[in-house]
Amino acid sequence: MQIKEELLFSEVLNDLKTKKYPIAVIGLGYVGLPIALELAKHSAVIGFDINVPKIDQLKEGIDPNGESEPKAFEGIDIQFTHNGNDIADAKFYIVAVPTPVTRFNVPDLKPLQSASALLGKFLKPGDIVVYESTVYPGCTEEDCVPILEKESKLKMGKDFKVGYSPERINPGDKVHTLTNTIKIVSGCDQEALDIIAGVYNFIMNDKLHLAPSIKVAEAAKIVENTQRDLNIALMNELSMIFDRMGISTMDVLEAAETKWNFLKFYPGLVGGHCIGVDPYYLTHKSIELGYSPEIILSGRKVNDNLSRHVAKKTIQFVSQQGKNILNAKVLVMGITFKENVSDIRNSKVVEVVKELESYGVKVDVTDPCADEAELFNEYGVKLIPEISNDYNCVIVAVKHEQYAQLKEDYFLSITNPGAAFIDIKSQYRGQINELIYWCL
Ligand SMILES: NC(=O)c1ccc[n+]([C@@H]2O[C@H](COP(=O)([O-])OP(=O)(O)OC[C@H]3O[C@@H](n4cnc5c(N)ncnc54)[C@H](O)[C@@H]3O)[C@@H](O)[C@H]2O)c1
């Protein structure tokens, strides 16, 4: 039976609520899994991922990223699969696959393209597709929709609709969660927006911001991260200037912060999959459109060079001990890209380790959160089984909660006399008196 065109999308919300059709979530990582688990409290959900071992773990109620508790898998309507055919019956698709950059910092759209190609094979009239992956403005409509149309032989807007809803999830953050943080939604037209907002409202309780277009929603996400990246870059640059002046950046910031409109940002290594990557999506598109961004790329350059600066300072401190670099031993505490998560993607601490090793320094690495096998497979870096007691320098690179209660006595017990202590996150500021202390 031919469905009348004007009625094609009228029952979507109801069909999802009544579980006549499922929602499919494609890509079950830091972004896709929480949304799939939440939606599965209200609708039937199919969680699809190409990573077979991950699907096996999810079927057991285990989140390999350690972000969702086992109880989040209980009492919900979800089917995990690595078989693409299983998404065929869905009516509403959410795509949350990675959007990395190549080693030349150019957007790598391969996961997005292959997810779109698969999805296109199963698209039916009346379906809705929402992208959540972080992309440059225009990517959904200019790069993904043509693939959907080609594979499905359907027309976007008429036969199926698309939308974009960026994610603000912050791994390791138990305060700002998916469901208590305002979520931006957008659609290719008003009808799509209404349905997409309706579906997200299954879980968002009206904490939605309705963007006027898909491009605006795409841009909003990338701007959130670009703004952060640039503000941190400014702090990193200040820190390099103040280091040469012999004044503490943190002392300066503490003083400056007493003004009502001074923004609180701090120097640090900018790794991970968002802040250090997303701005390149924006700059790539900007260059394509004929504008070469100066400020954003300068900020990126400063932040990308910070690991070299940290390594250089470490070498200086070790040399000042009269130590031959080739016999020096450095302990790096914390290798994940940020505190209290196992995520090692784009970890800038790894770059510090590699840079130090390039000088011939022996570097031991320890981390309570990182997965040993993943770290080795990804970067060839091993975690040491036991911390030794003869380091010439200790670098505490990440603010893991396990490190919070450590005192100077502990660091003294694992170092040689006259050793240096590098406190990347300034977490022991004012507490280290005997070791040679340095922070950004
Ligand atoms: N992690 C964050 O904090 C965060 C926050 C906001 C936005 N984002 C963005 O969300 C997107 C996803 O990020 P993430 O952190 O969840 O990534 P992730 O690597 O944790 O998860 C992505 C998942 O997609 C799967 N995948 C890859 N290609 C696939 C395909 N073709 N079909 C099906 N599954 C596929 C991978 O196996 C992986 O499990 C990215 O664009 C990222 O920039 C991430």
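The C-alpha centres of domain 1 and domain 2 lie 35 Å apart. The domain assignment, which is automatic or comes from a database, places domain 1 at residues 5-212 and domain 2 at residues 235-439. The structure is a predicted model, in which local features need pLDDT of at least 70 and side-chain atom pairs count only at pLDDT 80 or more, while totals for chains, interfaces and linings use all residues. Residues are numbered from 1 along each chain as its sequence is written.

The contact between the domains takes 14 residues from domain 1 and 14 residues from domain 2; two residues are in contact if their C-beta atoms, placed from the backbone, lie within 7 Å. On the side of domain 1 that touches domain 2 there are 8 nonpolar, 6 polar and no charged residues. Here Ala, Val, Leu, Ile, Met, Phe, Trp, Tyr, Cys and Pro count as nonpolar, Asp, Glu, Lys and Arg as charged, and the others, Gly among them, as polar.

The ligand is surrounded by 27 residues, the closest being Gly-27, Gly-29, Tyr-30, Val-31 and Ser-133; a residue belongs here if its C-beta atom, placed from the backbone, lies within 6 Å of the ligand. This shell has 14 nonpolar, 9 polar and 4 charged residues.
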